[in-house]
Amino acid sequence: MAESEQFFPGTTLQRHYDNTSLSIFKECPRKYYYAIIEGWRSPGKVATLEWGKAWHEVTALYDLRMAEGLGVEGSLLESMRLAFELSQEGFGDDSYRTRNTLLRSLVWYSEQFANDPIQTTIFDNGTVGLELSFRFDLGFAPRMADAPNYAYCGHIDKLADYGNSLYVVERKHTTQSLGDHLFARYMFSSQVSGYVAAAKIVFDREIGGVIIEATQVQVNATNFARRAVHRVHDHLEEWLADTRFWIGQIEHCFHTASWPHNTESCSKYAGCQFRKVCAKGPATRALELETYFVKDRWDPTKER
Amino acid sequence: MSSRREVSPKGLREMLMSEDPTAIPDPLALDAILAKHATALTDEELLVLVQQYRKERERASSRLVKKSEMTKAAERADAFGVSLESLGLL
């Protein structure tokens, strides 16, 4: 039995959802079962994740110190020290994601946004709008006696004032070029809709949209681009209805103890980490997982 | 790490802070800073890195501007049916 707060007590039915867990289910219900319910993942460092996590931390510290009025040089020195600490063990075997590219990207970020029209929001109580974890009630419950409602969680990188509007800033990094192709994927992104809904519900503020702040990391250069993505009220109604549908599907899989394999997703991107598990017969898959994977469950309720 | 050359941060700083934007710093010296443990870094060394990365960005920007100018020149030359080489621009 799963023991995390993310599940209904004594069950493996997830109660607290985030975009990551819902996306994995949409990709493949069996992958969701292995990764989210059982909590398996491949051992070792994934450079994309590790470097991305470090990038989020150092830019958040830089923006925090800038919002506190420390100035560019002071903010940069402190966040570069953090970058050194976070890169001490390296990021795995990846020529793009190194200590050097992390430090260089940070300095170039400070230059690129030296006169930034997007200013980090500072709330009336002094809270700086950086690294904000949120959670809200989805307004519906599973078909179980006395069960509380489902909830949606997430983590906002930055809330910022731009013009007269409030925006969620979502940081992404990539090695791809920063063209229309990259930004097109956020046009219908559930993550974007979830952020806009959260900002309206949790922060009780009208929101202009989400600014995707993309960082392209190359071996010898770092480039930046930002683009705003907007959502009207009807989009959010659709997002809520779709979220309800997908959670209903998860509930159905839970009640029938059946997590079908979506073979269309096996080879997407770099390929599903569980391909070699699914390639085994059903009787030997558990052994394959115990032998080659480690337990490290993704938990949306964990605040950063 | 032990095979790396020890450098004087002062000397490095002087070299990197030089006014010549085309000055290329000793990559081994910069590698020596990058190879350091986080707890052993001085502010001086961090500043050296900051200056170096700023210079790299300036060089990258001027390369981009030059590339863009050359692209425009090539388009104009092409419109007149001549090459940049024949104009002595390459």
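How much space lies in the second largest pocket? About 320 Å³. Before the details, some conventions. This is a predicted model, where local features need pLDDT of at least 70, side-chain atom pairs count only at pLDDT 80 or more, and totals for chains, interfaces and linings use all residues. Residues are numbered from 1 along each chain as its sequence is written, chains are lettered from A and ligands numbered from 1 in the order in which they are written, and side-chain values use heavy atoms, with hydrogens and water left out.

A pocket here is an open set of points on a 1 Å grid over the protein atoms alone, where a 1.4 Å probe fits, with protein on both sides within 12 Å along at least five of seven lines; lining residues have an atom within 4 Å of a point. The volume is the space filled by probe spheres set on the points.

The second largest pocket is lined by 18 residues, and M187(A), F188(A), S189(A), S193(A) and R231(A) are the closest to its centre. In chain A, α6 (180-184), α7 (190-202), β8 (222-229) and α8 (233-256) each give at least two lining residues. The largest share, four residues, is from α8(A). Helices are DSSP runs of H or I with at least four residues, strands runs of E with at least two, numbered from the N terminus.

Now the cysteines. With a disulfide taken as two cysteine sulfur atoms within 2.5 Å, the count over all chains is zero. C253(A) is in no disulfide either, its nearest cysteine sulfur, in C28(A), being 10 Å away.
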